[in-house]
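This report describes selected side-chain contacts, aromatic pairs and nonpolar packing in one protein model. The sequence and the coordinates are shown first.

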Amino acid sequence: MPPKRTGTSKRKAADSDDDATSAKKPKVESSVEGAQPTNKVLPVNISFPPRKGLRIAAWNVCGLAASQKKGFKFYVEAEDPDVLVLTETKVNDESVDPALKARFPHSYWSISSKKTYSGTAVLSKYKALSVDKTLPGHPDPDIVKGRIITLEFESCYLVATYVPNAGTELKTLDVKNEWNVHFTRYIRDLDKKKPVMWTGDLNVAPTEIDLCNAKRNWNKTAGYTEAETTAYKEILSPPEDSPDAEHKFVDVWRKLHPEDKHYTYFSYRFNCRAKGIGWRLDMFVLSERMVDRVQMCEIRSEIYGASDHCPLTLEIDGDL
């Protein structure tokens with residue numbers, strides 16, 4: 001058991017190859033009435049509605065060191081998740097931040113072989129039964145490093161990913177396609193053992209309501225191509241004639257918000273946040289048989305300023 005709780009007209013890939021609600025909102029001030037906050041740092045005072053279950057948060061921090069200078073800790077203190085998944089950490093070594101160590105006694109880091117690039121971490125109040133940072137079958141360990149951590153717990157696997165980006169002008173779409181082939185096989189194999197919770201920056205906008213300017217971006221911009229959206233769709237619902245047909249997954253936020261156009265990523269370029277030009281790239285994808293444990297799943301839209309992404313939070317009934 002964990003210790004006691006302590007209280008774009010252009011996709012991001014065009015900028016860099018390293019990537020691209022509940023009724024009660026957290027108390028964060030906006031400079032324009034009715035508009036989303038466009039602050040450059042997080043406010044000190046943030047609060048959320050009381051939790052309903054075990055809380056897991058996922059956040060692409062766009063560089064942990066930079067995020068820590070812009071109010072990262074104020075979000076973590078307010079959210080107080082039992083598990084915090086961080087992507088695009090860009091760290092070269094595991095963090096020794098004493099505040100994080102005190103809050104999360106168990107930490108798991110996957111660090112890229114390329115300096116200040118990529119990076120995934122899982123900070124947890126629960127100790128994992130096993131840890132794996134590989135993607136079985138993938139031929140290039142350097143692509144995998146920094147992008148995946150699988151933790152095994154009693155009731156499920158937690159898979160945290162910072163999925164590769166298809167790149168400017170789709171120049172690394174082949175890399176993304178190869179990742180998707182091996183990852184699809186991997187997550188289905190895990191699901192045959194016990195339920196899976198997959199989260200992080202998945203670097204795909206699954207449907208036209210998951211991004212602005214969908215028609216303009218289709219098959220032209222990383223994250224919204226036929227190859228990428230089809231691969232994601234087939235993870236959720238394998239072909240009926242497939243031997244894996246029974247191993248279905250659910251995009252939890254979309255299931256709970258079937259019509260909403262809310263986004264988790266807003267490019268720093270082109271004043272995208274103020275214009276509401278965003279993409280939904282960060283998800284919780286759960287084995288279908290695990291979905292009945294979900295208590296809530298929300299995009300923390302107001303937590304903006306410490307990253308170009310907003311956190312996504314899930315609560316489940318019971319323990320990991």
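The text below goes through an annotated site, the aromatic groups, the nonpolar cores and a few individual residues of this predicted model.

**The annotated histidine**

According to the UniProt record, an unreviewed entry, the annotation "binding site" covers His309. His309 is in the loop that runs between β11 (294–299) and β12 (312–316). Is His309 buried or exposed? With a relative accessibility of 0%, His309 counts as buried, because buried means under 20% relative accessible area.

| Side chain | Partner side chain | Polar contact distance |
|---|---|---|
| His309 | Asp282 | 2.9 Å |
| His309 | Asn60 | 3.4 Å |
| Glu152 | Ser130 | 2.8 Å |
| Glu152 | Lys194 | 3.1 Å |

His309 can also be placed relative to Tyr268: the two residues are 41 residues apart along the chain, and their C-alpha atoms are separated by 9.8 Å. For Glu152, leaving out residues up to four places away in sequence, the residues touched are Ala128, Leu129, Ser130, Tyr157 and Lys194.

**Aromatic pairs and charges over rings**

The structure holds 10 aromatic pairs. One of them, Trp59 with Phe72, is stacked, with 5.7 Å from centre to centre and 10 degrees between the planes. This pair links distant parts of the chain, since Trp59 belongs to strand β1 (residues 54–60) and Phe72 to helix α2 (residues 72–79), 13 residues apart. Both partners are buried: Trp59 has a relative accessible area of 1%, and Phe72 has one of 2%.

Trp179 and Phe183 form a stacked pair as well, because their ring centres are 6.3 Å apart and their planes lie at 10 degrees. Which element holds Trp179 and Phe183? The two residues are in helix α5 (residues 173–191), and being 4 residues apart there, they are separated by about one helical turn. An α-helix has 3.6 residues a turn, so residues three or four places apart point the same way. Trp179 counts as buried at 0% relative accessibility, and Phe183 counts as buried at 1%. Trp179 and Phe183 belong to one aromatic cluster together with Tyr186, Trp198 and Tyr232.

Arg273 is placed over two rings. Its position over the face of Phe266 is 4.7 Å from the ring centre. For the ring of Tyr304, the charged end of Arg273 sits 4.3 Å from the centre.

In soluble globular proteins, nonpolar side chains tend to be buried together. The largest nonpolar core has 37 residues, of which Val122, Met197, Phe284, Leu286, Leu314 and Leu320 touch the most other members. At least two residues of this core come from each of β1, β2 (83–87), β6 (148–152), β7 (157–162), α8 (252–256), β10 (282–287), β11 and β12. Met197 illustrates the packing: not counting residues up to four places away in sequence, Met197 touches Ile56, Tyr157, Leu158, Val159, Phe284, Val285, Leu286, Met290, Leu314, Ile316 and Leu320. Another core, of 22 residues, lies apart from the largest one and includes Ile46, Phe48, Leu86 and Leu123.

The buried residues of α2 are Phe72, Phe74, Tyr75, Val76 and Glu79. Which elements do the buried residues of α2 pack against? They pack against β1, α1 (64–68), β2, α3 (98–103) and β12. Phe72 is therefore both one of these buried residues, at 2%, and the ring partner of Trp59. Just after α2, Asp80 has a positive phi of about 45 degrees.

Arg188 is placed in helix α5. Arg188 counts as buried at 11% relative accessibility, because the limit for buried is under 20%. Not counting residues up to four places away in sequence, Arg188 touches Glu234, Ile235, Pro238, Pro239 and Asp244. Between Arg188 and Glu246 there are 9.8 Å in space, C-alpha to C-alpha, and the two are 58 residues apart in sequence.

Conventions: Residues are numbered from 1 along each chain as its sequence is written. This is a predicted model: local features need pLDDT of at least 70, side-chain atom pairs count only at pLDDT 80 or more; totals for chains, interfaces and linings use all residues. Side-chain values use heavy atoms; hydrogens and water are left out. UniProt positions are given in the numbering used here, feature names are shortened, and annotations may be inferred rather than shown by experiment. Buried means under 20% relative accessible area, exposed over 50%, partly exposed in between (1.4 Å probe, protein chains only). A polar contact is a pair of N or O atoms within 3.5 Å; within protein, one must be able to donate a hydrogen and the other to accept it, and residues adjacent in sequence count only if both atoms are side-chain atoms. Rings of Phe, Tyr and Trp (its six-membered ring) pair if their centres lie within 6.5 Å; planes under 30 degrees apart count as stacked, over 60 as edge-to-face and the rest as tilted. A charge sits over a ring if NZ of Lys or CZ of Arg is within 6 Å of the ring centre and within 35 degrees of the ring normal. A nonpolar core is a set of buried Ala, Val, Leu, Ile, Met, Phe, Trp, Tyr and Cys residues joined through side-chain atoms within 4.5 Å. Contact means heavy atoms within 4.5 Å.
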